Amino acid sequence: MKSYADYNPYATDDFLADTAFRAWIRQPTPEMDAYWRGLLKTNPQLRDAFAEARLLAQGLESTWTSFSDAYVESLYERLRVPHTTPRLRARRSSRRLVAAAAAVLLVGSGWAYSYFMVPQRIQTAFGEVRTLTLYDGSVVTLAANTQLEIPSRYQWQQSRQVWLKGEGYFVVQKQKQHDQAGAYRKFVVHTQRVDVAVLGTRFSLYTRPKQMQVVLEEGSIELTDAATRQHLFMQPGQVVQYAPKEQFYHLQPAATAHKRQLTVWRENLLVFNGATMNELARRFKEVYGLELVLQGELFTKQQFVGELPVDDVQKALLILSETFGAKAVRDGAQVYFISNDQVKSQ
């Protein structure tokens, strides 16, 4: 075994080419676990490189690690050569490719195919908010009950595009084209109703069966109707709403309260300002997966003003119970409300 001092100059590629590291990835033992823990304890500056090498070698993608386009492309081209055998004593200039190829060989062609060629589908649960970092460093926060489809790493080199069902908040990184000096690659979010094309910007997108809304905070975006190919351009501070029944896009400045209502879910909150019972029930089902049964005199002409926690459905039901003066009773996926007067008389 090497001394810890030998690892001082190590980068990610060096770990991937290291015999002891590769052996540990293939078959970890308590002794080797202790050895690597000792290395990182005495050389904390190696933690990032070590973690990245381990992630690459194991093919774990729970955290999206950004590599340069040239790096990913070189790895892919290397994999396409069927009879090329990496030589661990290769010159320093080709060491990066050798190390990467060696790492690929560790886990077999199945991992390599999965790493480069398999698209990803992310689905959040009811009451869950999740933040992801994409291949290019763009960040997406997904609301509860939302699905995001991401192309494979190889497809991403050709076009930056994702598919969204639900709600997402996007912070898009500008990225230049490989072959066009000065040109930037568009980032496109596809939904059932519209395609949203941007270069670099911040925006929130809500796309559910009964309504679509876009709030633009920074930059500019272009909406393209998926059916008519009609184009609509948005400026910062504007909101676009579309309801299938009306079949019309409403573009208007976003009032502060309205904007907060559409984006505050990122803070695990739902905000209602005079919501009808239908709006409340719709939103509750989207986020918590429960159907509120809001019928009878108790709810006639009622409007709801208040905030509900996204990640705590029991607390949300308690808030509604106190607001309506009724006890919430769950029956499977439905929630009924019994007035407090009825509860007392029973």
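**Close-up views of rings and strands**

**View 1. Lys2 lies over the face of Tyr7, at 5.6 Å from the ring centre.** A charge sits over a ring if NZ of Lys or CZ of Arg is within 6 Å of the ring centre and within 35 degrees of the ring normal. Arg266 is placed over the face of Tyr169 in this sense, 3.6 Å from the ring centre. The model is predicted: local features need pLDDT of at least 70, side-chain atom pairs count only at pLDDT 80 or more, and totals for chains, interfaces and linings use all residues. Residues are numbered from 1 along each chain as its sequence is written, and side-chain values use heavy atoms, with hydrogens and water left out.

**View 2. Phe15 and Trp36 form an edge-to-face aromatic pair, 6.4 Å centre to centre with 70° between the planes.** Rings of Phe, Tyr and Trp (its six-membered ring) pair if their centres lie within 6.5 Å; planes under 30 degrees apart count as stacked, over 60 as edge-to-face and the rest as tilted. Phe15 and Trp36 are both buried (under 20% relative accessible area, with exposed over 50% and partly exposed in between; 1.4 Å probe, protein chains only).

**View 3. Ring pairs join a cluster that includes Tyr4, Tyr7, Phe21 and Phe50.** The structure holds 27 aromatic pairs.

**View 4. Strands E2 (residues 130-133) and E3 (residues 139-142) pair in the antiparallel sense over four bridges.** Strands (E, at least two residues) and helices (H or I, at least four) are DSSP runs, numbered from the N terminus; two strands pair if DSSP finds at least two bridges between them. Thr133 has Val139 in E3 as its bridge partner.
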